[in-house]
Amino acid sequence: MSKEKKPVNFFIKSLVTAILVLGLGYTIYTNLIIKNEAVTIDQSNLAPDFTLQDLKGNEVKLSDYRGKGVILNFWATYCPPCEKEMPYLKNVYQEYEDKGIEILAVNAQEPRIIVSPFVLEKKLSFSILLDRTGEAIEQYKVNNLPVTYLINEDGEITQTISGELTEKKVRSYVESIIPNK
């Protein structure tokens with residue numbers, strides 16, 4: 001190798017290494033540092049309404065769930081933390097469904113042909129909604145997945161949780177939105 005190519009190769013290798021280190025640093029930051037941060041939102045903050053289709057093609061409107069506590073979860077099949085938390089959401093839903101809790105899992109712009117097999121494999125019984133255009137994602141300012149919003153019986157967002165949920169955390173969060181009957 002000539003002497004002229006050595007500095008160029010060193011520069012390119014250094015640049016690639018720097019980019020990889022920055023990318024890894026950002027990934028660690030977004031998935032570990034800000035993971036599971038609960039952010040309290042103004043109690044009078046009504047959840048933006050939307051209408052999306054479920055996997056059967058039925059239209060589902062968020063405002064139809066007033067009077068119930070809603071866990072609104074944004075997710076995708078390609079997101080490992082999303083996949084990991086699905087069984088936790090399933091377990092909590094089965095336990096709290098008759099206490100007025102609903103889970104609306106909004107898929108982030110994936111086609112039904114990808115989402116349906118995932119839902120069948122995981123045996124999910126709560127509502128899976130398809131946000132094909134990204135309308136709800138934009139309304140809720142979702143930048144990273146998963147993101148979960150807790151909505152009380154009055155339709156107000158009480159908390160936003162960014163990052164993967166554990167089953168213990170899902171249980172503690174759901175307790176805060178059980179409707180008063």
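Visitor: Which residues does Phe 126 touch, not counting residues up to four places away in sequence?

Guide: Contact here means heavy atoms within 4.5 Å. By that rule, Phe 126 touches Met 86, Leu 89, Lys 90, Tyr 93, Ile 103 and Ala 105, leaving out residues up to four places away in sequence. Before we go on: this is a predicted model, where local features need pLDDT of at least 70, side-chain atom pairs count only at pLDDT 80 or more, and totals for chains, interfaces and linings use all residues. Residues are numbered from 1 along each chain as its sequence is written, and side-chain values use heavy atoms, with hydrogens and water left out.

Visitor: Is Phe 126 buried or exposed?

Guide: Buried means under 20% relative accessible area, exposed over 50%, and partly exposed in between (1.4 Å probe, protein chains only). Phe 126 comes out buried, at 4%. You'll find Phe 126 in the loop between α3 and β6.

Visitor: And how do I read those element names?

Guide: They're DSSP runs numbered from the N terminus: helices are H or I with at least four residues, strands are E with at least two. Here α3 covers residues 112–122, and β6 covers residues 127–131.

Visitor: Which strands does β4 pair with?

Guide: Two strands pair if DSSP finds at least two bridges between them. β4 runs parallel to β5 (residues 101–108) over seven bridges, with Gly 69 bridged to Ile 101. β4 also runs antiparallel to β7 (residues 147–151), with five bridges; there, Leu 72 partners Tyr 149.

Visitor: Why is β4 largely enclosed?

Guide: Seven of the seven residues of β4 (residues 69–75) are buried, so the rest of the structure largely encloses this strand. Look at both faces: Gly 69, Ile 71, Asn 73 and Trp 75 are buried on one side, Val 70, Leu 72 and Phe 74 on the other.

Visitor: What handedness does the β4, α2, β5 unit have?

Guide: Point the strands away from you: if the path from the first strand over the helix to the second runs clockwise, the crossover is right-handed. β4, α2 (residues 80–96) and β5 form a right-handed β-α-β unit, and β5, α3 and β6 make a right-handed one too.

Visitor: Which residues touch the most other members of the largest nonpolar core?

Guide: A nonpolar core is a set of buried Ala, Val, Leu, Ile, Met, Phe, Trp, Tyr and Cys residues joined through side-chain atoms within 4.5 Å. Of the 48 residues in the largest one, Phe 50, Leu 72, Phe 74, Phe 126 and Tyr 140 touch the most other members.
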